[in-house]
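Work through the following exercises with the sequence and the 3D structure side by side. Try each task before you read its solution.

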Amino acid sequence: INAEYGEFVLRRWLMSVNIENFSNTRTLSSPRSVDACNKLGILPSELIYRPMESFKETGANNEDWAIKMRFDRSEAKRKESISMVKRARRSSSSPGGRSTAR
């Protein structure tokens, strides 16, 4: 591999967000991670962290305990979804379970 091509591949990898280098603030963009989400019926945007303040709702109970309850429920679901996507992506990357998406 020539140095220019190697640098190109490294830049592409650094720009691509997969479930393994996911930082909670950017949407997944790697084909295998997005494919894993699709197979599970999970939108990549559902994996992005939401601060507690974002759970205030118009016309809803916005007492601190209610906001925290909505946040906790959402955060637990988000973390479980991340775990599911990681498992699905790893199984599609393993020999014999190789995904056609790259």
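The structure is a predicted model, in which local features need pLDDT of at least 70 and side-chain atom pairs count only at pLDDT 80 or more, while totals for chains, interfaces and linings use all residues. Residues are numbered from 1 along each chain as its sequence is written, and side-chain values use heavy atoms, with hydrogens and water left out.

**Exercise 1. Find which residues of helix α2 are buried, and decide how they are arranged around the helix.**

Step 1. Begin with the terms: helices are DSSP runs of H or I with at least four residues, numbered from the N terminus, and a residue is buried under 20% relative accessible area, exposed over 50% and partly exposed in between, using a 1.4 Å probe and protein chains only.

Step 2. In α2, which covers residues 31-40, the buried residues are Arg-32, Ser-33, Ala-36 and Cys-37. Seen down the helix axis, these buried residues fall within an arc of 145°, taken from the directions from the axis to the C-beta atoms, and so they line one face of α2.

Step 3. Turn to the face that points away from the buried side, where the exposed residues Asn-38 and Lys-39 are found. After α2 comes Gly-41, which has a positive phi, near 75°.

**Exercise 2. Examine the salt bridges of Lys-39 with Asp-35 and of Glu-75 with Arg-78.**

Step 1. A salt bridge here is a side-chain nitrogen of Lys or Arg within 4 Å of a carboxyl oxygen of Asp or Glu, and a search of the whole structure finds six of them.

Step 2. Lys-39 and Asp-35 meet at 3.3 Å, N to O, and both belong to helix α2, where they are four residues apart, about one turn of the helix. Lys-39 is exposed, at a relative accessible area of 60%.

Step 3. Glu-75 and Arg-78 meet at 2.7 Å, N to O, and they are three residues apart in helix α3 (residues 64-93), again about one helical turn. Glu-75 is buried at 12% relative accessibility, and Arg-78 is buried at 7%.

Step 4. An α-helix has 3.6 residues a turn, so residues three or four places apart point the same way.

**Exercise 3. Describe how Glu-20 meets Arg-90.**

Step 1. Glu-20 lies in the loop between α1 (3-15) and α2, and is partly exposed at 40% relative accessibility.

Step 2. Glu-20 and Arg-90 are 70 residues apart in sequence, with their C-alpha atoms 9.6 Å apart in space.

Step 3. Their side chains make a polar contact at 3.1 Å, a term that requires a pair of N or O atoms within 3.5 Å, one able to donate a hydrogen and the other to accept it, where residues adjacent in sequence count only if both atoms are side-chain atoms.

**Exercise 4. Identify which residues the ring pairs link into a cluster.**

Step 1. Rings of Phe, Tyr and Trp (its six-membered ring) pair if their centres lie within 6.5 Å, and planes under 30 degrees apart count as stacked, over 60 as edge-to-face and the rest as tilted.

Step 2. The structure holds two aromatic pairs. In one of them, the ring centres of Tyr-49 and Phe-71 are 6.2 Å apart and the planes stand at 80°, so this pair is edge-to-face. Tyr-49 lies in the loop between α2 and α3 and Phe-71 in helix α3, so the pair ties together parts 22 residues apart in sequence.

Step 3. Phe-55 and Phe-71 also form an edge-to-face pair, with 5.9 Å between centres and 80° between planes.

Methods:
Helices (H or I, at least four residues) and strands (E, at least two) are DSSP runs, numbered from the N terminus.
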